[in-house]
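Keep it brief and clear.

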Amino acid sequence: AGAYNGLQLVDYLSGLPKVAKPGTVFNYNTGETNLAGELLRSAIGNNASEYLEHKIWRPFGMEHDAYWWLSSEGGVETGGCCLNATLRDYARIGIFTLRDGVLSDGSRVLPEGWMTESLTPMSGFGRPGYEGYGYLWWLFDQGAYSARGIFQQWIFMDPEKELVIATHNNALHAVEDEDHQHTQAVIMAIRDAL
């Protein structure tokens with residue numbers, strides 16, 4: 001379901017057998033992040049690209065246009081993937097999160113406390129899970145967190161050090177491999193040097 005969107009995705013996911021009770025087992029998969037995109041579009045009654053552009057992209061002062069991969073020509077954005085932006089604008093996304101979703105003019109885009117809640121491990125809220133994952137964020141020690149793309153694109157944030165590191169990458173494999181290990185090692189070395 002990694003490339004499905006819209007009703008095709010919802011129909012596909014709703015037909016799968018349940019593996020475990022919701023909230024009891026951590027299993028990251030792009031199909032479910034695509035479903036989060038479907039839920040967003042349903043909640044806002046709009047496409048995600050325009051919403052991002054008007055709520056964050058332009059108000060936060062991103063330097064360039066971004067492009068979001070569509071499921072098909074005239075289709076919808078792929079919720080769990082493929083927002084193409086410049087490296088500097090990816091870093092600005094990280095700065096936006098470090099500022100708790102507040103724009104330069106003081107306007108709040110994200111509800112107060114949402115970033116803190118989104119960085120709470122999925123094993124929180126009185127249920128088991130995985131300590132290294134929040135609401136679509138990969139979590140690290142000392143409050144650091146990251147957004148990561150399938151081929152090791154990263155936006156790494158460390159609030160304590162006021163650090164944002166953005167990387168483009170095109171690893172050979174989609175899953176954790178030597179490229180992942182090298183990228184993470186470089187990021188952690190930079191973090192530790194500060």
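## Strands that pair

Two strands pair if DSSP finds at least two bridges between them. Keep that rule in mind for the sheet. The model shown here is predicted.

β3 and strand β4 (residues 145-148) are joined by 2 bridges. The two strands run antiparallel. Across from Leu 139 stands Tyr 145 in β4.

## The whole sheet

The open sheet has 4 strands. Their order is β3-β4-β5-β6, and the pairing is antiparallel. Which strands form the edges? They are β3 (138-139) and β6 (163-167), and each pairs on one side only.

## Helices on the sheet

Helix α4 (residues 87-98) packs on the sheet. α4 touches β4, β5 (154-158) and β6. The direction of α4 makes about 150° with that of β6.

Helix α6 (residues 178-193) packs on the sheet too. α6 touches β4, β5 and β6. Its direction makes about 30° with that of β5.

Now turn to a helix pair. Helix α1 (residues 6-14) packs with helix α2 (residues 30-44) at an angle of about 130°. Their axes are 10 Å apart. The angle is why α1 counts as oblique to α2. The crossing of α1 past α2 is left-handed.

Which residues of α1 meet α2? They are Gly 6, Leu 9, Val 10 and Leu 13. On the α2 side, the residues are Gly 31, Asn 34, Leu 35 and Glu 38. The residues of this contact divide into 4 nonpolar, 3 polar and 1 charged.

Note on methods: Residues are numbered from 1 along each chain as its sequence is written. This is a predicted model: local features need pLDDT of at least 70, side-chain atom pairs count only at pLDDT 80 or more; totals for chains, interfaces and linings use all residues. Side-chain values use heavy atoms; hydrogens and water are left out. Axes are lines fitted to C-alpha atoms, for helices over the stretch in contact, and angles run from 0 to 180 degrees between N-to-C directions. Angles under 35 degrees count as roughly parallel, over 145 as roughly antiparallel, 65 to 115 as roughly perpendicular and the rest as oblique. A crossing is left-handed if the near helix is turned anticlockwise from the far one by less than a right angle, and right-handed if clockwise. Contact means heavy atoms within 4.5 Å. Ala, Val, Leu, Ile, Met, Phe, Trp, Tyr, Cys and Pro count as nonpolar, Asp, Glu, Lys and Arg as charged, and the others, Gly among them, as polar.
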